[in-house]
Amino acid sequence: QVQLVESGGGLVQAGGSLRLSCVASGSIFRINDMGWYRQAPGKQRALVAVISSVGITNYGASVTGRVAITRDRNTVYLQMNSLKPEDTAVYYCDARRDFQDYWGQGTQVTVSS
């Protein structure tokens with residue numbers, strides 16, 4: 001089992017920045033990809049960014065150029081800049097191990113206009 005704990009969400013004005021963190025614990029030795037997804041009210045969960053165990057990254061189209069994902073062993077970070085009201089959502093950390101996804105409890109990000 002893998003446990004994920006996110007932190008760093010909050011309320012920010014449009015144009016501001018936030019940094020999310022996610023720490024993985026438990027059976028972390030075979031974690032491959034780690035990433036961030038978000039879900040706004042009434043919408044499906046969508047990819048924000050993902051990073052592989054060797055540092056290959058992939059970003060969702062709506063955030064490309066505004067966010068950066070980094071990883072340090074069992075911790076993954078999401079630096080978000082130039083935030084927009086449409087970035088408001090619950091952000092979930094994901095870790096993939098042995099083709100199984102593990103999810104955090106989510107952290108709320110609210111961007112005011």
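Which residue does aspartate 101 meet in a salt bridge, and what is the N to O distance?

Analyst: Aspartate 101 meets arginine 96, at 2.8 Å from N to O. A salt bridge here is a side-chain nitrogen of Lys or Arg within 4 Å of a carboxyl oxygen of Asp or Glu. This is a predicted model, where local features need pLDDT of at least 70, side-chain atom pairs count only at pLDDT 80 or more, and totals for chains, interfaces and linings use all residues. Residues are numbered from 1 along each chain as its sequence is written, and side-chain values use heavy atoms, with hydrogens and water left out.

Aspartate 101 is partly exposed at 29% relative accessibility. Arginine 96 is partly exposed too, at 36%. Partly exposed lies between buried (under 20% relative accessible area) and exposed (over 50%), with a 1.4 Å probe and protein chains only.

By the salt-bridge rule, the count is five. Another of them pairs aspartate 98 with arginine 30, whose closest N and O atoms are 2.6 Å apart. These two sit 68 residues apart, in distant parts of the chain. Aspartate 98 lies in the loop between β9 (89-97) and β10 (100-103). Arginine 30 lies in the loop between β3 (18-26) and β4 (31-39). Strands are DSSP runs (E, at least two residues), numbered from the N terminus. Aspartate 98 is partly exposed at 44%, and arginine 30 is partly exposed at 40%.

Aspartate 98 also forms a salt bridge with arginine 97, the closest N and O atoms being 3.8 Å apart. Shared partners join Arg30, Arg97 and Asp98 into one network. Arginine 97 counts as buried, because its relative accessibility is 11%.

Key: Helices (H or I, at least four residues) and strands (E, at least two) are DSSP runs, numbered from the N terminus.
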